[in-house]
Every structure is written in C-alpha cells, then in structure tokens.
Amino acid sequence: MTTVAVSVAPRPGSPRRTPVASNAVVGMAIFIAAEVMFFAALAAAFTITRISAGGTWPPPGQPRLPVEATAANTAVLLASGIAMVIAGRRSAVHAARSTSALGLALALGAAFVALQGYEWVGLLREGLTMRSGPHGSFFYLIVGAHALHAVAGIIALAVAFARARSGRLAQTYLAGARLYWCFVVLLWPALYWRVYL
Amino acid sequence: MSDAHAHHDEGWVKKYLWSTDHKIIGMQYLFTGMLMALLGGYFAYAFRMQLGFPNQPVPGFGLVSPNEYNALVTNHGTIMIFWVAMPVLIAAFGNFLIPLMIGCDDMVFPRLNRLSYQIFLVSALVLLASFFVPGGGFGGAWTAYPPLSSQAKFSLTPAGSTLWLLAVALEFVAFLIGGINFVTTVMNSRAPGMKWHDIPVVIWMIVIASIVFMASVGPLVAGAVMLLMDQQFGTGFYDPIRGGDPILWQHLFWFFGHPEVYVVLLPAMGIVIEVIAVFSRKKVFAYKMVLYTAFATGILSFFVWAHHQFVAGIDPRMANVFTVTTLLISVPIAEMLFVTIATLYGGSIRLDTPMLWAVAFVAEFLLGGVTGIYLGSSGSDIYFHDTYFVLAHFHYTFVPIAIIAVFAGITYWYPKMFGRMLDERLGKLHFWLTVIAFNFIFIPLFITGAAGDHRRIYDYTKFPDLARPELQNLRALATVATVVMLSAQVIFLYNFFKSMRSGKRAEANPWQANTLEWLAPSPPPHGNFAELPTVHRGPYEYSVPGRDLDYWPQSDPPEDDAAPDAAPEAAR
C-alpha cells in the first residue's frame, strides 16, 4: 500500500468541480460572518450598558466625542471602499490596471486610521481613558477593535498594491482582500452610528 | 528544521509535526485530545476522592486543599469541553474524515490547517502553564462568572485566571481557522457526482457544528476581551460599582455556551448514525429529515441560552420565553434519536464494538435529555439550580458525546486510521466496564442532587443536613465508580497502542461500508486515493433488494443491466 497513489495531487485541495465561489472568497465570507457576530456582541453589550445607565449619554462630566470630524473621516473610509471596488472591477479586465485604484484605496484607508489616531490623542488629553468609566471603556474597545481590523486590511492592501505593481497579483488574493476591506468599510458607519450618535 | 533531515525523503519532524496532510493533523488533534483527556480524568479522580472520602490524602495527589479543589473542578470542565470534546469530535474526526469521505486529496487550505493545530497546541500549553504560576490555576468554574473571574481579590489567582482566559481565546482562534477550512472544503472539493444529499451524515454534522460554532464564538471572544481588560487593565465592564454589569458576561458566555453543546453533540450524533447504519446493514431512516432537523437544531440553539440564568435575576417573562425554546429544542434531538432506533428496527444487526458504543450512546444520551426537561422549566429549575442534579444531567449528555460517541468513532475508523484491527475481546471488556461504571457515577449523583447537594461544595462534613451517611455513601459510590471507569481506560490504551503494532491487518473496507473513505487503502497514503473517486449514489445503500452484496459503495459505477440511467436516481 505504500507504493500506490503517491503520484496524485498536483495541488492539495484543488477542486475537481466548478465551485460557485472560489476558496478564498468562501473562506473569507465565513470569517467575516464570525467577525460580524463579534462586533454585534460588542455593540449589544455597549447598548445594554448605555440603557442601564439611564439618563444622558455620554454621562455628565465626560468629554463629548468628535462627532463632526469623525463624520468627515467616515467619508474618507467610504471613498477608500469605493476605490477598492473600482480596483476589483478593473483587475477583472487586466490585473495591471488595478494599480492606481489600489493605491488610492490604500492611501485613503491609511488616512482614516491616522485621523482616528489624531482624535484619540485629543480625547486622551481631555481625560477620556479606558479606566474612566463605561463610556471610555466601550469607546476605546469598539473603535479600537475596528482600528485593528482596519490596520490588518491596510497591510493586505499594501501587499496587493506591491504585487499589482510587480504584476504578481493573483485574482483570488485580490478577491479575498477586497471582500475583507468592504467589510471593514461597511462596518464603520454602523459602529459610528452606535458609538458616536 | 528540514535541513537536519535533508538526507531523508521526509524528516520525522516534517512528516509528523510540520505536516499539512489532513490525516496527520487529524492524528495530532486526536493524540493531543487523548492526552488532555487523561489529565481531565486525573483531575476528576482527585476531586471525586475529596468528595467521597473527605479530607484524606488522595493517593497520587495528596491532600486536596480548597483552592486546589476549585482549580481542579474548573479545569476538569474546561479541559473536557475545550481540549477534549472539541478537538477530538470536530478537529480530529473532521480533519481525518472530511477529505476522505467527500473524495478529495486534502483540505482546501492545508497551511491554514497546520496553523490551526499549532495555535491549538499553544493554547493547551498556555493552559498547562496556568497551573504552575503563583496562586495556581484558575478556580472560578469553567463558566468564569465575574466578579469571581474578573478581580484577583476574589479569585485569588491573579495570573492563573488570565492565562486560563488566554488559553480559551487561543483555542477559539484555532477552531475558527479549522471551521473555515472544513466548510470551504465540503463546499468546493466534493468528488464529482456528490450532490448535497450524497454527503454522509457525519460530514454534514461536522459542517453544521462548525457553522454554529463560528456564528456563536464571536460574542464570547468579545466578552473574553472585556474580561481580560477587567483583569489586567483596570476597566470595569463587569463591575457594577463602576457602571458595568456582571450579568452581561453571563449573556455573552451562554450565547456561545449553549450552542457549544450542540457543536459537540451534532458530530457525535453523526458518528453514531454512521455506525448504526453500517452495523444494521440498513439505509439511514429519513436521511433528509436528519439533515433538516440538524439545521433546525443549529438555529434553535441560538435562542435557548438564558435557561442557564433563570435564577440570575433575569426578567421572569424572559424566563418563560426561554423555557419554551428550551423544551422546543428537545424535539429535533428526540427526532434524531428516534431515527437511530428506526434505523436499527428490522436491520441485520452486528454487535461489534463500534456498534455497542453507538447503541449505548442512544440509551445514555436519552437519560441526559429527559432529565434536562426538569432544568429547562424555569419553575423546577429554581430548586434544581446548581445542584448535583444539574451536574449529573449534563454529564449524561457530555459523557455520551465526548466519551461514548468518540469511542464509537475511534473503534469504527481505527482500521482506516492505522491499517490494523482493534482486539474485539478487549474492546468489549473496555466497553462494558466503562458504560456500567459511568452509570454508577451519575445515577447516585442525581439522587444526591435532588436531596440538595450543591455543586460547588468542597467538604460536605461542614453541612450537617447533607453529611448524613446515606448521602455520603452515594458520594463514595460515585467516587469508586469514577476510579473503576478511569481504570478501564487502561484497557483501551493497551488495546489502542498494541493493535497499532500487532493487530490483525485491516483490508481497505473491513466493515463493508459504502462511504468513500473505505475505498482508500488502510491507512490512506498521502493524497488518499489511487484515483480520485466519482460518486454515483447516496451513502447508505445497504441491503438493496436484487443485489448480491448487502452494500453498494458510493463510488461503484452503476450496473449496466439494471437500467443505467435510472440507477443513480433510484438510489436516492
């Protein structure tokens, strides 16, 4: 039995049927579903705490969140998402054509994280910290969790950008990265509505 | 690493520790799970001895202190669920069986698969490390309710509780990666011709369980991050004095914790149904019904969690709703048990060891299910809450799942895993000792629980109304039975390792089963099949009238004389 069947399998797991969606997209979609549940739980926990606190939110004496500046920043992130969708469309025609749109998505995404960090510095100066009560704890937890996801997405975009420039960008990689980035982008307005408004 | 072994074809490290082969990874999970099971069993031995024969030194452990007792109980539960039931039922069987049973050569993400096991191994090591830090292992029960778990001044384990939480979180990451792999592989890599309804039940069950796990684990990870911050960064998410809410953890924990029961139950049920069909030589009764009820169970399992919190101060109107959903979920589970009985009915039953385990699962799980009705009803639960009745109830579900069904699976697929047959005589001896002893552990505990034994008591001699001899004798009986059950596992280990070297050589299909894994040689080589199979019929075509053989492998091409076009259709 040791001599049989050693020659099979050019690539492990290579499908012998035509899948509805590629492995990368299916795997990423499942991962995103789990992530959605993660953020839903954070938002639900925050909502419960906020309701049980009663009265006004943020609690009296706590700093006000930069609602307007973050609204502008939300637009930056959405623009990045649109650029990413365009990159996906273009790469369907030719992989090299997606480079500029990818670069734009990357720059806008990085700008979003940088502006968020700038706002955090201001809030910390005003005395809003993780330990200053549920308001600060939940703010940094939820927005921080999103920021970590955004940073991961930016790294994926940077890799895609570098590969596109050198002409080595695989369609499956781009499809997975695009799906993930769309998740990060579309998640943000929901969190903004829940946490800031 | 590979340099040292460059002169070999494949070095030992590369082949067994750094492999991306799904079978090796499955075995890694299996052996890690078995090691952890020994540890969990040892913990149970130590604290059962303290309960049965209080305040005497335990042979092989020494005197059990109250803090050690708490850590032993907590980590027994944690290990048995997260490091035994999950890795063996889902990861080991899932990894080993999925590519073989759907007829492909490996998982779609083999390197992610390897990463999954490596993270799992790290999580086990972190948990083991937590026993040796100052203050000892975490002792706040496997449910880790705050404030006991969130503040060191209550738990007395400043480092142990954080390491425990970290280990659990890492373990979830490992299974998240594994689950993505399982579902994607089954979706995209099935053999040509294998339609949804040609997938064996056990594969469906592992897939549904993975989906349920991945959908429920996010909230617990969110809760765990918050708990970790409460422990280490001074936040107050669960601290009512600072505007937090301790009940919040219970919701997040049980929103995962109850689906988790079905995450381990469904694969166990799948194994049992698989074994019962093969050893009854009969088609699974109502295959599609099993499938749809499994999905229904998965969905319903997300709406029962608050039955763990009936006395935690939740709104009684909410308790009513959760009573209804809880009793409702027993319907699909009962339906699956009836399916196994209906499959047995009129079959040509062969009572080999795997079949004994499978039938025992049905009998013992039934007891666990029936006693759950008292606990699911919010009224009677007020009395039973946190007693040994609860403990006996969930052991009557978890032992059949994590022990009995696992043994059914191991004894059934052992020839495929190792290419040898297990010793039947030793197997049956091990079976009877384990199952009889199991009942002698937990039936007495139903009685002590109904008499008022609280779960978290270290020393009953301090409670005059519970220290009565008739109750203490039952506790001692349960302890002795625990020792017998654990000792019986020596027979299994002997059989397991001895047969690996000197058991009778197994042919490719020793049980005359239909599913694709039996087409591959035993044990399957790298790449699994000499020629990747094509599927022509459903997995349970046993005793088909008009055929000489009483089985009909899924990959056998249709016979020409019997209307070639109609054959695959009629088989469904």
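The model is predicted: local features need pLDDT of at least 70, side-chain atom pairs count only at pLDDT 80 or more, and totals for chains, interfaces and linings use all residues. Residues are numbered from 1 along each chain as its sequence is written, while chains are lettered from A and ligands numbered from 1 in the order in which they are written.

**Stop 1: two helices of chain A**

Select residues 23–53 of chain A, helix 1, and residues 134–165 of chain A, helix 4. Helices are DSSP runs (H or I, at least four residues), numbered from the N terminus. Their axes come within 11 Å and cross at roughly 165 degrees; axes are lines fitted to C-alpha atoms over the stretch in contact, and angles run from 0 to 180 degrees between N-to-C directions. Helix 1 of chain A is therefore roughly antiparallel to helix 4 of chain A (an angle over 145 degrees).

Now show A:L42, A:F46, A:T49 and A:A53 on helix 1 of chain A, with A:P134, A:F138, A:L141, A:I142 and A:A145 on helix 4 of chain A; these make the contact (C-beta atoms, placed from the backbone, within 7 Å). Eight of these residues are nonpolar, one is polar and none is charged. Ala, Val, Leu, Ile, Met, Phe, Trp, Tyr, Cys and Pro count as nonpolar, Asp, Glu, Lys and Arg as charged, and the others, Gly among them, as polar.

**Stop 2: where chain A meets chain B**

Chain A gives 36 residues to the contact and chain B gives 46. Helix 1 and helix 4 of chain A each supply at least two residues of the chain A side. The largest share of that side, 17 residues, belongs to helix 1 of chain A. By class, the chain A side has 24 nonpolar, eight polar and four charged residues.

**Stop 3: B:A405**

Go to helix 13 of chain B, residues 388–418, and select B:A405. Is B:A405 buried or exposed? B:A405 is buried, because 31 other C-beta atoms lie within 10 Å (20 or more is the cut-off for buried). Its contacts, not counting residues up to four places away in sequence, are B:A268, B:I271, B:V272, B:F361 and B:P400. B:A268 and B:A405 are 137 residues apart in sequence, yet 5.4 Å apart from C-alpha to C-alpha.

**Stop 4: the nonpolar cores**

The largest nonpolar core has 192 residues. A core is a set of buried Ala, Val, Leu, Ile, Met, Phe, Trp, Tyr and Cys residues joined through C-beta atoms within 7 Å. Select B:A85, B:I203, B:V272, B:F361, B:A402 and B:A408, which have the most contacts inside it.

How values were computed: Parallel < 35°, antiparallel > 145°, perpendicular 65-115°, else oblique. Contact = placed C-beta atoms within 7 Å. Buried ≥ 20, exposed ≤ 12 C-beta atoms within 10 Å, placed from the backbone.
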